[in-house]
Amino acid sequence: MAVLLFVVVRAGSGTAVSFVPSRGGPLGADPGHLPYYAVRSLLRMFAALALSLLFALVYAYAAAHSRRLERVLIPLLDVLQSVPVLAFLTVAVSGFAALLPGSTLGLECASVFAIFTSQAWNMAFAFHHSIIRTPRELDELSRDLGFTRWMRFWRIELPGGAIPLVWNAMMSFGGGWFFLVASEMVTVRNGGRALPGVGAYAGRAIAAGSLRDVGWAIATMAVMVVGVNFLFWRPLVAWAERFKVEQSEAPEVQRSLVLDLLRRARWPRMLARALAPVGEAAGRAGRVFGRDGRSFGASRRRRRAGDAAFATVVVVAVGWGAVDLVRYLDDRTGLGVFGEPLLLGLATLARVVVLIAVATLVWVPIGVRIGLSPRLTRVAQPAVQVLASFPANFLFPLATWFFVRTGLPLNLGGILLMALGAQWYILFNAIAGAMAVPTDLREAMDDLGLRGWRRWRRLIAPAVFPAYVTGAVTASGGAWNASIVSEIVAFGGTTLTATGLGAYVAHAAEAGDHPRLFAGVTVMALYVVGMNRLLWRRLYRLAERRYSL
Amino acid sequence: MTDELLTARGLTRSFAGADGELPVLSGIDLTVREGEIVALLGRSGSGKSTLLRCLAGLIPPTEGSVAYRGEVLTGANPGTAMVFQTFALLPWLTVQQNVEVGLEARGMRAARRRAAASQAIDLIGLDGFESAYPKELSGGMRQRVGFARALVVEPDVLLMDEPFSALDVLTAENLRGELLELWESGEFPTRAIVLVTHNLEEAVLMADRIVVLGARSGAPRAGEGGVPQAGFGGALRAEYAVPLERPRDRDAPGFAALIDRIYRTMTGRGDDGPGPLPPLGLEPAAGNGGPAAPRRTLAGTPLPPASVDGLSGLAEILLQHDGRLDIAELADELALEIDDLLPLVDALELLGFGAVDGGGIALTGAGRRFSGAHVQESKRLFAEAALRVPLVGTITTSLAKAADRTLRAGFFRDLLAHHYTSEQVARQMEIAIDWGRYAELYAYDADHTEFRLASDTPGAPAAV
C-alpha cells in the first residue's frame, strides 16, 4: 500500500514539475522509462474516471429528479454519445494548450478530457436509468419514513445504481485506453512538447519507425490493462455484488482474489470505523437539501405555466444557436460544405457494414461455442475482456507495416483496423448470450434430437439475438469512431490514406479547418444516429418483444 | 374527537382514462380511532392499497382530504409508518441499519439510534440477527425487520399492506399470532393499526372493524344515483364490527357466521350489498328476477381475471359436490384466498355456468353440461356462453363485420379506454384473448397485434 502511495506521489510530482516551461520536452526512447510513463498514463486514466463518475452522478441525478431538465439533458446525452470524440482531439489539445500555456498541464487536461468524453455519457445513462427504475416500494419507504434527499441518494439511489455504474465504468474504462493512446499520440504529432506516457512513447516509436520500441510499448500496455483489471476492476465488481437487489443468495458470484485479501485485512474495517463520524456529520449537513417527497400543494396551472416558460427558453436558446451556426458556416464556406462528407460517409458506411457482417459470421459461432461450455467460458471470458479493452490503435503500426509490406490498400485494410477494436464487443456479447440459454431448453433440444442448423434456427439464434444486438450496436458505434484514426495511418515515413469520412475528418482536424471539421463530425453523428434509429433500435425492440428469455 | 387519529373525508382518487379521470376510489369516508385495528378488505383492483397510501400521504387525493389528528395532510403523513407486502428492505444494509433508517431520517444521533433500534429488535424477536443482511434471512424474519423498522419510529398508526401475503401459511400464522399478542399486551408502541388484506380469515382474526371496499363482482351493476359506474371504481361497500373475544378462535360460532356474511357481501348478494344481478341472457339463473336490471354493457361488465383452466376446474369441483358449495367452505377446502377464488366464481356466473345464492355457488344446467362434456363439446358450450359476454361478443361481431375479418387490437383498446384505466385495459384484453382463443372464436396475432376471426361458424374447430 505504502509503495503504491509513493509511486502515485512520485509520478504526480512529475505533473507539477512540468509547470516549469522547459521540462515537458523530449521523450526518451529508452524502454527503461516505460514504467514511469505507465504510471503517468494510469494517473490520467483514473483522473478521467473520477471526473466521469462525478459528472455521471450529478448529471443523472439532475435529469432523474427534474422533469423539465430531463427533457433537455437526456436527448443531449444521446447527441453527445453519437459525436465522434476523436475528431475533436486535435482541437481539444490545441485549445487546452492555449488555455494553460507554457506547461504540459494543458496537454494533461486535454488528454483527461478526451478520456472523459469516452466514459461519462455511458455512465450517466446507466445511473439515470437505475434511478428512474428505483423499485416502487423503496421510493415509498423513503417518503413514508421521511428520508432526507441526502439519505435517499446515499441509501437508496447510489447503492441501487452501483452495479450498473461499476460495470459501465469498467467497460468505458476499457474503451478509455484507446483515447488515452490517441490523445498522447496527438501531442507527439503536434511536435514540440509531448505528454510523458505509454501512448506518446509508442507515437514516437511509430514516427521513428522502430518496431522494437512499439513492441515494448505494447507489452507495457498489456501489463497495464491486465494489472488494472486484476487489482482494481475485479475486486470492485466482486465488492459491488453486495448491492444486488435480488433477495436470495445467488449461486454464481463474482469473486476476486484481491478482494478476499482486503476482506481479511484489518485496516479497511478500522478505516470504516474512523470514517463513520464523518459520514454522520455529512448526513447532518446533508439535511439542508431537504426532505424527499413533494407537497400535494403544487397547482396544476402553475406547473403548466412553468413548463411553458422553460420550453420557450430552451427553444429560443437552441434556435438562436442553430441560426448562428448556419450563418457562420454560410460565411466561411457556404452550406455546400456538407455535400462531400455526406458522399464520403457512404464509403465509411460500407466499411462499417462489411465489418459488422464479417465479425458476426466469424465471432458469433465462436462466442456461442465458448458460452455453451462453462469450462471454456471460465478461461475465455476474462481474456476477451482484456482483449476488448486493449487499445487497438496500439496495434495500428504493426498493421500498417504489414499493409506496406504486402501492398494491401488501406481502403480494404481500414476495415481490418476498425475491426481490431470493434469486433470484441460482438464476441463478448455472443458469449454472454449463449451463457444465458437455459439448460432445460438445451436438454429439450437434445431430447428431441434437434441438431446442427435446425438447433441454431430454433434455439441458439433467437436466444443469443438480444445480446448480439447489444454487442453489434456498440461495435458499430466504435467502428465509426475508429474510422477517424483508421482511414489515415502512418508508420515511419509512410502515410496511407483511404477514401472515407474518417479520413476527411482527420484531415480537417489536422489542418485546423473548423468548418470542414464541423461538417464532417455532424455528418458522422447523423450517420451514427440514423443507423441507430433505422436499424439497431428496431432490432432491439424486436429482440425485447420476441426473443427475451 | 381527540381519539380520531386518521380521518378521510370524501376521498376520491382517479387515474387518467381516455374520457377523463377514472376513479379507483370514490367518496371514501373513513375514521381510524385510537386503540383499534381496522382491516381494509377487498379484492385486487378494489383500491384498498391506494386507500392505504392515501392515508400514509404517499398519494395525493384527487378530491377530498385525509387528516391526521385534525390536520389535513399536504405530504407524507408524520403519524404513520408502513409495513410492506414485499418487505422493502434495503439489501445493502444489515438488519440493525435497516431498522435505524427511520430514526436517521429524523436526525437522531448515532448512539441513541442504536439503543432505540436494539430495543425494537428485541421486542419483535430479532435479537441475534442484528448483523445479518436481509438476503440471509427467511421471509418471516425479513418481515420482522419490516415491523421493527416501522415500530421503532413509534408511529401513532401502523399501516400494513398485506404484510403476511408473501409468507407461507405457517410463517404467516406464527407472525400474526405474535403481533396480536404484542398488541394485546399493551407493549405495542402504536395506538392503532390499519391492515390491508385480501385474506378474509386474517381480517376476522385480527380486526376490530372490517371495511369492505367495493370492487364490484364481475357482474354488472349500476352505480348509485343512476349514474353508470365505470371500471372498478371502489367505494366503501360495507363495514362490520368484529365483536369476538380475543384471542380469537376459528371454531367459535360467531367466526364462521361472520365470514359467511362478508362473503355474501363480496359476491354481491349480501344483506347490505347491492341489488340482484340482471338476467343472464337466455339462461336465467335461479333466484334471479330483478325486473329493472340494467343491460350488460362493455363498461359495466369487466371480465374477471380468471383463466379458462381455473374456471373449468372450479366447475368440475362443484359437479363432484352435487353442483353446489358454500364459498367460505370452498375457500377453506382449496386453501384459496379471495383474490384467487372470487374471480373464478364471477367468471362462472358471468358465463351463466354458475349462480350465486346466499353464501354459495351452484352450477346451472349449462354449467353441468359444460363441466361434464368432453373437450370439443365443452369448448363449443364455452364459446356459446362467451359470446354473450360483452367484450368477447363485441370482438367477435366486430370481426365478422370487418372487411378481411381482421382488426387491430388498438381498435378494441380504444373502446375499452373510455371505461377503464390503461392497466385495466391491458388486463381486460389479456383475458378476452385467452377466452376467445380457447373458445376458438378468434385468433390473436401478437406480432402484428391483430385479431382475426377464427372461422365463420362460431365455436367450430378452426385451423389456426
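Residues are counted from 1 along each chain as its sequence is written, while chains get letters from A and ligands get numbers from 1, in the order in which they are written. Since this is a predicted model, local features need pLDDT of at least 70 and side-chain atom pairs count only at pLDDT 80 or more, whereas totals for chains, interfaces and linings use all residues.

View 1. Chain A averages 84, and 91% of its residues score at least 70. Confidence in chain A is lowest in helix α1 (residues 2-17), with a mean of 50, and highest in helix α2 (residues 34-65), at 94. Helices here are DSSP runs of H or I with at least four residues, strands are runs of E with at least two, and both are numbered from the N terminus. Over residues 16-25 of chain A, pLDDT stays under 50, and the model has 13 contacts beyond four places in sequence for them. A contact means that the C-beta atoms of two residues, placed from the backbone, lie within 7 Å.

View 2. For the complex, the predictor gives an ipTM of 0.81 and a pTM of 0.83.

**View 3. Where chain A touches chain B.** On this view, 29 residues of chain A are in contact with 24 residues of chain B. Helices α6 (136-144), α7 (149-189) and α11 (267-285) of chain A each bring at least two residues to the side of chain A that touches chain B. Of the contributors, α6(A) gives the most, with 6 residues. Sorted by class, that side of chain A has 10 nonpolar, 8 polar and 11 charged residues. In this sorting Ala, Val, Leu, Ile, Met, Phe, Trp, Tyr, Cys and Pro are nonpolar, Asp, Glu, Lys and Arg are charged, and the others, Gly among them, are polar.

View 4. Strands β1 (residues 488-491) and β2 (residues 494-497) of chain A run antiparallel and are joined by 4 bridges. Strands pair if DSSP finds at least two bridges between them. Phe491(A) sits opposite Thr494(A) in β2(A). There are 2 residues between the strands, and Gly492(A) takes a positive phi near 60°.

**View 5. A four-stranded sheet in chain B.** This open sheet of 4 strands has the order β2-β1-β4-β5, with antiparallel pairing. At the edges are β2 (20-33) and β5 (71-72) of chain B, each pairing on one side only. Helix α1 (residues 48-55) of chain B packs on the sheet and touches β1 (4-17), β2 and β4, its direction making about 125° with that of β1(B). Such angles run from 0 to 180 degrees between N-to-C directions, using axes fitted to C-alpha atoms, for helices over the stretch in contact. Look also for Tyr68(B), which stands opposite Glu71(B) in β5(B).

**View 6. Two crossing helices in chain B.** Helix α13 (residues 390-401) and helix α15 (residues 422-439) of chain B have axes that come within 10 Å and cross at roughly 70°. The pair is therefore roughly perpendicular, a label that covers 65 to 115 degrees, with under 35 counting as roughly parallel, over 145 as roughly antiparallel and the rest as oblique. Leu391(B), Val392(B) and Ile395(B) in α13(B) meet Gln428(B), Ala432(B), Trp435(B) and Gly436(B) in α15(B). These contact residues divide into 5 nonpolar, 2 polar and no charged.

**View 7. A three-stranded sheet in chain B.** The order in this open sheet is β14-β16-β15, with antiparallel pairing. Its edge strands are β14 (406-408) and β15 (442-445) of chain B. On average, neighbouring strands are turned by 25° against each other, direction ignored. Helix α13(B) packs on this sheet too, touching β14, β15 and β16 of chain B.

View 8. The peptide bond from Arg246(B) to Pro247(B) is cis, with omega near -10°. Pro247(B) lies in the loop between β10 (236-241) and α7 (253-266) of chain B. Ala88(B) has a positive phi of about 50° although it is not a glycine.

Note on methods:
pLDDT = per-residue confidence, 0-100.
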